[in-house]
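Subject: Structure handover

Hi,

Here is the structure you asked about. Please open it first, then read my notes below.

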Amino acid sequence: MDCLFCKIIAGEIPSTKVYEDEYVYSFKDIAPIAPVHNLIIPKQHICCANGVDESNSAVVGKVFEAAAKIAKAEGMESYRIINNCGEDAGQTVFHLHFHMVGGVKMGWGPESLGKTE
Ligand code: AMP
Ligand code: ZN
């Protein structure tokens, strides 16, 4: 399958691994937007949040189990987990992934959605 993240999981494209288990792979984002910016992905190819259904939703739980372990290992108590679903939300790689960003105090409000008025 011609999927960037499937190739990263297979080791065909290099990545800086943060965590791996049977179901989940995590690596550093190549263009970090915060001091900590990890991507956490299920090994199973799922296009996006819209592709989650009763047959595969268990891996989403595995992603969040991994996230808690990764945060602990990085000594990070506060962080944000972001999923962009669809082009208008900014999704560019269509293999379900969760951005884990932290290491900085973050604001929350309309500005964080690019809203200026
Ligand atoms: P999204 O825009 O939510 O689809 O997120 C895709 C993310 O993948 C972006 O933050 C990119 O910086 C990141 N990315 C793209 N290619 C690579 C790569 N080869 N290694 C690590 N991260 C990547
Ligand atoms: Zn994939």
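A term to start with: a polar contact is a pair of N or O atoms within 3.5 Å; within protein, one must be able to donate a hydrogen and the other to accept it, and residues adjacent in sequence count only if both atoms are side-chain atoms. One such contact involves the backbone oxygen of His 95, which lies 2.7 Å from a polar side-chain atom of His 97.

Some ground rules. This is a predicted model, where local features need pLDDT of at least 70, side-chain atom pairs count only at pLDDT 80 or more, and totals for chains, interfaces and linings use all residues. Residues are numbered from 1 along each chain as its sequence is written, chains are lettered from A and ligands numbered from 1 in the order in which they are written, and side-chain values use heavy atoms, with hydrogens and water left out.

**Zinc site**

The zinc ion (ligand 2) is coordinated by Cys 3 (SG), Cys 6 (SG), His 45 (ND1) and His 95 (ND1), at 2.0 to 2.3 Å. Donors here are N, O and S atoms within 2.8 Å of the metal (3.2 Å for Na, K and Ca); water is not among the atoms, so sites may look incomplete. What makes the arrangement tetrahedral? The 4 donor atoms subtend angles of 106 to 115° around the zinc ion. The cut-off: four donors count as tetrahedral if all angles lie between 85 and 135 degrees. For reference, the ideal angle for four tetrahedral donors is 109.5 degrees.

Along the chain, the donors of the zinc ion follow the spacing C-x2-C-x38-H-x49-H. Cys 3 and His 45 link distant parts of the chain, 42 residues apart. Cys 3 sits in the segment before α1 (4-10), and His 45 in the loop between β3 (36-42) and α2 (58-73). Helices (H or I, at least four residues) and strands (E, at least two) are DSSP runs, numbered from the N terminus. Cys 3 is buried, at 7% relative accessible area. His 45 is partly exposed, at 28%. Buried means under 20%, exposed over 50%, partly exposed in between (1.4 Å probe, protein chains only).

**Aromatic pairs**

There are 3 aromatic pairs. Rings of Phe, Tyr and Trp (its six-membered ring) pair if their centres lie within 6.5 Å; planes under 30 degrees apart count as stacked, over 60 as edge-to-face and the rest as tilted. Phe 5 and Phe 27 are edge-to-face, 5.4 Å centre to centre with 80° between the planes. Phe 5 lies in helix α1 and Phe 27 in strand β2 (residues 24-28), so the pair ties together parts 22 residues apart in sequence. Phe 5 is buried at 5%, and Phe 27 is buried at 4%.

Phe 64 and Phe 98 are also edge-to-face, at 5.6 Å and 70°. Phe 64 is in helix α2 and Phe 98 in strand β5 (residues 98-102), 34 residues apart. Phe 64 is partly exposed at 41%; Phe 98 is buried at 9%. Ring pairs also link Phe 5, Tyr 25 and Phe 27 into a cluster.

**Ligand 1**

How many residues surround ligand 1? There are 16, each with a heavy atom within 4 Å. Among the closest are Asp 29, Thr 92 and His 97. His 97 is in the loop between β4 (79-82) and β5, and is buried at 5%. A backbone N or O atom of Thr 92 lies 2.6 Å from a ligand 1 oxygen. For His 99, a side-chain N or O atom is 2.8 Å from an oxygen of ligand 1.

Best wishes

Note on methods:
Tetrahedral: all angles 85-135°; square planar, octahedral: opposite > 155°, others 65-115°.
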